[in-house]
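Hi everyone, thanks for coming.

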Amino acid sequence: MRARLATPRTGGLAALAAVVAVGPLVLPNNYFYDVAILAALNAIVCVGLNLLIGYSGQISLGHAGFFGLGAYGSAILASKYGWPPLAAMAMAITAVAALAYLIGRPILRLRGHYLAMATLGFGIIISLVVANEDRLTGGPDGLAVVPLTVFGFALQGERAWYWVVGALLVAAVWLALNLIDSPTGRALRALHGSEVGAGVAGIDAARHKVLVFVVSAVFAAVAGGLNAHYAGFITPSKVSFLHSIELVTMVVFGGMASTFGAVAGATVLTVLPQLLTVFKDYEMVVLGAVMMGTMIFMPKGLVPTLAAFLGRQAGAARTPAVERRAGAPGAGAEPRA
Amino acid sequence: MSGAGGALAMSGELAQYLATGITVGAVYALVALGFSIIYNASGVINFAQGEFVMIGGMSAASLVASGLPLGLAIPLAVAATTLAGLALEKLAVEPARGAPVVTLIIITIGASIFLRGLATIVWDKKLHALPAFSGEQPIALFGATVVPQSLWVVGATAAIVVALWWFFGRTRLGKAMLATSHNRLAAQLVGISVRHVLFLAFGLSAALGALAGILTAPITLTSYDVGVMLGLKGFAAAILGGLGSGPGAVAGGLLLGILESLSAGYVSSAYKDVIAFVILLAVLFVSPRGIFGVAAAERV
Amino acid sequence: MSVLRTDGLARDFGGVRAVDGLTFEIEAGAVHSIIGPNGAGKTTLLNLLTGIYAPSAGRIYFGERDLTGCAPHEFAAHGIARTFQNLQVFLNMSTLENVMVGRHLRERRGFLDALLHTPRLAAGERACRAEARELLALVGLEAWADAPSDALPYGALKRLEIARALAARPQLLLLDEPAAGLNPTETMEIHALIAKLAGGGITVVLVEHNMRLVMGVSDRILVLDYGRRLAEGAPETVRNDPQVIEAYLGAETL
């Protein structure tokens, strides 16, 4: 998704809002609402994660940790300590933001594989702690969560949650699009394009990386808290390494550096396993195949590949074909004399 | 407890933890070696490494269960795993050569999930046992009680390490692989086929993983998801010792195994698995190159 | 009045001393060139002067401030901008966006403004875009403004980097081989551009191999050889210096 973001931005946002609004006309029963809600929650996480992975060029294999901390934090404060659910969620989200800030600086000094492994280690430590501290978290059996009550009204039922989550998804996409089309967003994308070039343009790499890391963690924590109160239950599987991988797969499958791609990826990969529940045994095989296949055949992801395909079909060539310049620069290539 | 008796009991306890630690550490070392070999040949972290361990153990267990003697089941299981490794390289890694790091990471993670799913279909989700190689009568050794299988694990690992040292140091093929890891372009210029080296690296790593799985299955049992933690901890060991370094992989594996065992014994057994990842994070934060660090993976 | 001053600057790479005991000054408002054979340490010097490498020894002063050991974005914050020999263009962004990034330090809209797309931000974006277009026009790239930057030819990318560097309104502009890979017409355009910038008060430092450009546009020339200062002075002085001729220029007529 290049250049003019004005049109995709307002147009895409309107389209998304329209899809959400039209949903109830199309979804036949509560089961479908449930899938839609889960897809939207995943989409919120993925929109944030995409800011980190797709736009800023970082990676996190531990984001289920942030999701899970948002979920468990809110669940524990509300169910075990009787906090009002909104306050519990707010507290959990704040705690996750603080944790992401603290851990962000040292972790984001790393690059590539090392960064991947550090985030993975971090995510696993969280999942192990959650599984072990069973007095607090209910351990492997999970924890029951009180419903979300706002000023005495309990938010319950698929249809009510659908509207809340749908609205929040549109809001999340709006925030993400705003961020991308701003000096901060350009700074992040510049870091991805060339960290050296960004540095000499005055961009503080460390500060920006931590910023986007915290933002993506907050998105995940929000979705986690909502998930806990919606489902009425939370288990350690939501904090697991596998969940982290699923999230990354959704982002990568949908399209890196494409907010709508993240939404699409989350939707497809939430709906797909539901379609496959008949073939429950093949779930892992299909997930693994999808991951490998996407990266090999469609490395840019679903939405950018489709967009490029449609762009070619339209035949509109914006710029004339040009000679390949010599010495293609790579991100971070060192200038030497 | 009286002073001398107390000390003796303590040292017996310590010896026991060390014995466990070294046994487990040997397995981590084999997995870490697998990571390092592939990393050296291609710069790729093979997240499916743990699955090689699983396939080796599960294949051997099912072959033995179907009536084959151990002596036949083991080489067949290693061969099957090696084939899986070669297939992985040809079908998933080679088509994506030159892709950015994130892409390769997703591919090998996808491969590990795929292989695990395949395992549940070919076999099942239950635990499987492999008979111990030479009986289960515990032996007293330096104040600790060990099962004979532990000696097999440590002894076989030592033999494998020596064999690898000979392979990389003395044979043409091994030296070619080593050359590729040091400077791919130069290796190509002297006629070494980097594609073949990569192919072989995966095969070799798969075999190493399989052996780790087979050696340890009699002690820890095996199942479709035994590779997940083993793979991750093996990777932690590789980073601890220095990614890309053979001696580092061995040292890192042993050190991790011992630290894990000691902390499980003296600190908290519930958090046994956490120690590996805490060490991983500590190494990455403080000194990513590890103990025997080769060049830093990402140049600034 | 010196804009930039180094004192005994040195940089080692393993056993190789790429820059060795370099002490020199850059005068405000003048055009300086750094020349020398390949491997003389020219680009290493530029990397030191922009904080990409930390010096192994010596100090760097910008005006009154000691910037030794600062990070690249801190050097940039003091008004130093540069282009790269090996192009560090943000190929994942459009041509216009590349230039807009150059303005990063002059942006006064913060994170919250960005997140909520406040009217303040929208106004800032409009101003930023307009200025970026002007700069693209200055370097002759206005037709490519909305194209993805990876569609541009090499020569255009070099000019894009200059536009990006200018977006920061720097006091000191470092150009790393701006004429490399350009044809004579393009080189003359670069010459004119540099002269115009210097006329506008920007201190320009070039690393260049193109002697016609160097001799034509420079007020002072620094010659490096093996990381050390071989000669320094006005073009005529340097051109006729026997050591320089032997090490680098040869008996070429210019």
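Let's begin with chain B: 52% of its 300 residues count as buried. Before I go on, please keep in mind that this is a predicted model.

So what is chain B built from? It has 11 helices and 2 strands. If you follow chain B along its sequence, the pattern reads α-α-α-α-β-β-α-α-α-α-α-α-α. The radius of gyration of chain B is 19 Å, close to the 19 Å that the globule rule gives for 300 residues, so chain B is as compact as a globular protein of that length. Along the principal axes, the C-alpha atoms of chain B fill a box of roughly 70 × 50 × 35 Å. And if we take the contacts in chain B with a separation of 6 or more, 76% of them are between residues 24 or more positions apart.

Now to chain B's partner, chain A. How many residues does each chain bring to the contact? Chain A gives 34 residues and chain B gives 37 residues. On the chain A side, helix H5 (112-132), helix H11 (241-254) and helix H13 (283-297) each supply at least two residues. The largest share of that side, 12 residues, comes from H5(A). Sorted by class, the side of chain A that touches chain B has 25 nonpolar, 6 polar and 3 charged residues.

Let's stay in chain A and zoom in on two helices. In general, two packed helices are described by the angle between their axes and the distance between the axes. Here, helix H2 (residues 30-55) of chain A packs against helix H10 (residues 205-231) of chain A at an angle of about 170°, with the axes 7 Å apart. Angles over 145 degrees count as roughly antiparallel, and that makes H2(A) roughly antiparallel to H10(A). If you want to find this contact on your screen, look for residues including Leu41(A), Ile44(A) and Leu52(A) on H2(A), and Phe213(A), Phe219(A) and Tyr230(A) on H10(A). The residues of this contact divide into 17 nonpolar, 3 polar and no charged.

Next comes chain C, which also meets chain A. Here 55 residues of chain C are in contact with 38 residues of chain A. Several elements of chain C give two or more residues to its side of this contact, among them helix H1 (42-49), strand S6 (80-82) and helix H6 (154-167). By class, that side of chain C has 30 nonpolar, 17 polar and 8 charged residues.

Which chains share the most contacts? Of the 2 pairs of chains in contact, chains A and C do. Chain B and chain C do not touch, and their nearest C-alpha atoms are 10 Å apart.

Finally, a look inside chain C. Its domain assignment gives domain 1 (2-79 + 170-249) and domain 2 (95-163). The C-alpha centres of these two domains of chain C lie 27 Å apart. Their contact takes 7 residues from domain 1 of chain C and 6 residues from domain 2 of chain C. On the domain 1 side, helix H2 (72-77) and helix H7 (184-199) of chain C are the elements that give two or more residues. That side of domain 1 has 5 nonpolar, 1 polar and 1 charged residues.

That's my tour, and I'm happy to go back to any part of it.

Terms used. Residues are numbered from 1 along each chain as its sequence is written. Chains are lettered from A and ligands numbered from 1 in the order in which they are written. This is a predicted model: local features need pLDDT of at least 70, side-chain atom pairs count only at pLDDT 80 or more; totals for chains, interfaces and linings use all residues. Helices (H or I, at least four residues) and strands (E, at least two) are DSSP runs, numbered from the N terminus. Ala, Val, Leu, Ile, Met, Phe, Trp, Tyr, Cys and Pro count as nonpolar, Asp, Glu, Lys and Arg as charged, and the others, Gly among them, as polar. The radius of gyration is taken over C-alpha atoms; the globule rule is 2.2 Å times the number of residues to the power 0.38. A residue is buried if 20 or more other C-beta atoms lie within 10 Å of its own, exposed if 12 or fewer, and partly exposed in between; C-beta atoms are placed from the backbone. Domain bounds come from an automatic or database domain assignment. Axes are lines fitted to C-alpha atoms, for helices over the stretch in contact, and angles run from 0 to 180 degrees between N-to-C directions. Angles under 35 degrees count as roughly parallel, over 145 as roughly antiparallel, 65 to 115 as roughly perpendicular and the rest as oblique.
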